[in-house]
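Dear colleague,

I am passing on a structure that I have been going through, and I would be glad if you could read my notes beside it.

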Amino acid sequence: MESEVIMREMIISELTQAMQELTRGFAHILPRIIVLVIIAFAGWVVAYFLKVFLRSILRLIKFDKLSESAGASALLTKAALPTATELLSRFAFWVAWLGFILLGVSVLGIFGLQEQIAKFFLFLPHLIVALCIMFFGLLAASFFSRAALLAAVNANLPSPRLLSVSVRSIIIIFVLSMVFEEVGVAEQTMLVAFGIAFGALMLGLAIAFGTGGKDLAQQFLEKRFGRGKKDEGKEDELSPL
Amino acid sequence: MAEARLPEVRLADETFLTDDFLRQLINVGEVDILVGVPTHNNAKTIGAIVEAIQAGILRFFPRQRAAIINADGGSRDGTPELIVKAAIDDARGRDSKPYTLRTLHSISTQYSSSPARGTALRTILSAAELLRAKACAVISPESTQITTDWLTTLLQPIYTEEFDLVLPTYCRHRSDGILLTNLLYPMTRALYGLTIREPYALDFAFSGRLGSQFLAQNAWHDDTAQAGSETQFTLAAIAGGYRIRQSFLGTKQHVERASADLVPAMRQTVGALFSSMEPSFSLWSTKTGSQPIPTTGAERECILAPLRVNRKRLREMFTTGIAELESVFQSILSPSTLAELQKIARPEEVRFRYSNELWVKTVYEFAAAFHKSVISRDHIIQALAPLFRGRAFTFLGENSNGSADDVEHNVEALCLEFERMKPYLLEKWNGGE
């Protein structure tokens with residue numbers, strides 16, 4: 001009987017202690033959860049205004065037009081995504097809100113989570129830089145491939161579109177390797193892959209120019225160093241001005 | 001005397017002209033007549049041209065103070081030396097050189113180690129302003145057909161009749177100057193209401209005040225603004241309401257050009273014309289019809305001698321352009337215009353014809369796209385080149401057997417089409433804004 005009493009008292013004591021600890025823990029975490037909710041709400045408001053502000057600025061500077069000339073709009077349309085302005089505004093919203101939420105989560109003091117959150121915040125600038133590289137890279141690829149296309153058409157070179165696509169591909173490969181390096185994804189693999197792809201492309205072009213286009217190369221060199229026939233390349237005796 | 005007055009002279013840009021050139025200009029003092037010759041490796045032709053200029057000055061302006069200014073773009077064949085030789089000192093003149101009442105100065109300056117037409121013109125304008133020249137002429141180093149009469153034809157209206165700009169008209173082969181007859185002349189006429197035959201003139205004359213005004217207003221530090229400065233000069237005179245006239249200079253020598261010359265030529269002319277439309281919108285948007293401007297001699301004469309022209313290649317380049325540049329044209333042209341162009345570019349289309357209406361629509365849509373910068377402006381000009389080849393093909397076909405009157409009639413019909421469709425340009429210009 002006595003042992004039963006002792007046991008019951010022990011159970012009650014343990015339960016009371018557990019309840020007390022739970023209550024203490026709850027009392028400890030509740031204000032932090034409230035702070036998390038407040039931070040998340042404030043973050044949502046800030047992120048929303050940031051989205052609206054950014055959208056207005058991008059519309060003002062006609063960012064969609066820029067994105068269209070970069071060729072980014074065509075990619076977005078193919079992927080059934082919204083316009084570049086809308087996409088960037090939404091991206092800014094989610095990054096800002098997620099940042100606030102993570103800030104709130106760090107207040108909870110969960111072991112190991114704070115380190116991951118710090119890593120995320122350190123990674124964020126790299127992500128933004130990578131996106132910038134991607135955008136301006138696409139812009140450059142679009143500009144130079146179009147310049148190559150126009151120059152090839154006006155010079156009456158064979159396969160102007162192939163030349164244009166080659167220029168675009170080289171720039172995009174280069175940009176992608178930079179983007180992956182920036183975000184730190186498979187750096188070594190990307191470096192090697194870029195080296196192989198670029199080298200193969202150059203070798204292919206050199207072989208193509210040397211064998212398939214030897215006549216063209218001969219014409220080019222003769223024209224360049226002035227030993228070609230004088231009549232070649234004339235605008236059929238037409239003077240536009 | 002001249003040195004005492006020089007501090008009053010406003011330097012156009014103190015850092016632009018070299019010290020040596022400034023020193024030479026100070027030694028000249030002031031002049032009445034200035035002839036500018038922009039050069040770059042023109043030793044083969046420049047001797048005869050400078051001789052004609054010298055003879056023209058001595059014959060028609062013997063009592064006026066005159067100077068020849070050479071703006072050289074880094075010649076390595078002794079061109080500047082040949083021009084400097086044209087100077088006549090009145091003390092030495094009686095022995096070896098023609099007699100002159102006044103010293104004829106001939107100065108050369110190298111503005112750069114590579115040629116740039118805009119900088120050459122700027123150098124000549126700056127010199128004209130510093131020397132307070134009343135009448136100035138610019139003579140192209142390629143104008144080997146120059147005669148002594150050119151000097152009086154170009155300069156006399158400025159010097160005695162107070163005109164501000166004298167532009168040339170020439171006798172050309174009917175197949176030459178197709179960019180002028182099919183785009184520059186009709187579009188300038190439709191925009192500004194003046195029948196200026198040669199908006200892109202390499203031989204022309206201007207008053208000191210027009211030169212100074214252009215020198216002050218032009219954005220010389222912007223490389224793109226310097227392209228087509230001759231066209232810009234003409235358009236600035238029109239926009240400024242200056243007195244303009246045309247003078248017939250005789251036969252324009254046929255210059256053979258490589259196909260690669262078309263795009264630079266379009267940049268200098270069409271690019272400058274499209275660029276000028278923005279600042280002068282209020283002027284051209286209200287103009288309707290056109291008025292003739294005072295002209296001495298023929299407005300346009302035609303040489304009808306046969307000329308071998310490979311029209312097949314023009315059509316091929318047009319067809320290739322339409323096929324390869326579809327994505328570029330989609331940004332510039334309206335869907336209906338692009339569809340019409342694709343239709344006439346089909347290989348099975350035996351009777352290829354780039355009609356006046358379609359050509360005018362094309363040009364106006366390009367002008368509007370240039371204004372809105374739908375893509376790089378330079379790319380817009382480059383994209384027009386293959387279409388121009390298609391138009392040249394049609395123009396040559398329509399005029400291959402025609403008389404001079406027929407050619408003139410066809411050009412006039414195109415001009416009227418440009419004028420008729422001007423509302424379409426305004427619609428496209430203002431559309432989407």
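Predicted model: local features only at pLDDT ≥ 70, side-chain atom pairs only at ≥ 80, totals over all residues.

Residues are numbered from 1 along each chain as its sequence is written, and chains are lettered from A and ligands numbered from 1 in the order in which they are written.

Chain B falls into domain 1 (2–303) and domain 2 (311–430), with bounds that come from an automatic or database domain assignment. The contact between them involves 25 residues of domain 1 of chain B and 24 residues of domain 2 of chain B, two residues being in contact if their C-beta atoms, placed from the backbone, lie within 7 Å. On the side of domain 1 of chain B that touches domain 2 of chain B, helix 7 (178–192) and helix 11 (262–277) of chain B each supply at least two residues, and helix 7 of chain B gives the most, with 9 residues. Helices (H or I, at least four residues) and strands (E, at least two) are DSSP runs, numbered from the N terminus.

As for the strand, strand 5 (residues 165–173) of chain B pairs in the antiparallel sense with strand 6 (residues 204–207) of chain B over 2 bridges, where pairing requires that DSSP finds at least two bridges between the strands. Within strand 6 of chain B, Ala205(B) stands opposite Val166(B). Strand 5 of chain B also runs parallel to strand 7 (residues 244–251) of chain B, joined to it by 6 bridges, and Ser247(B) in strand 7 of chain B is the bridge partner of Pro168(B).

With best regards
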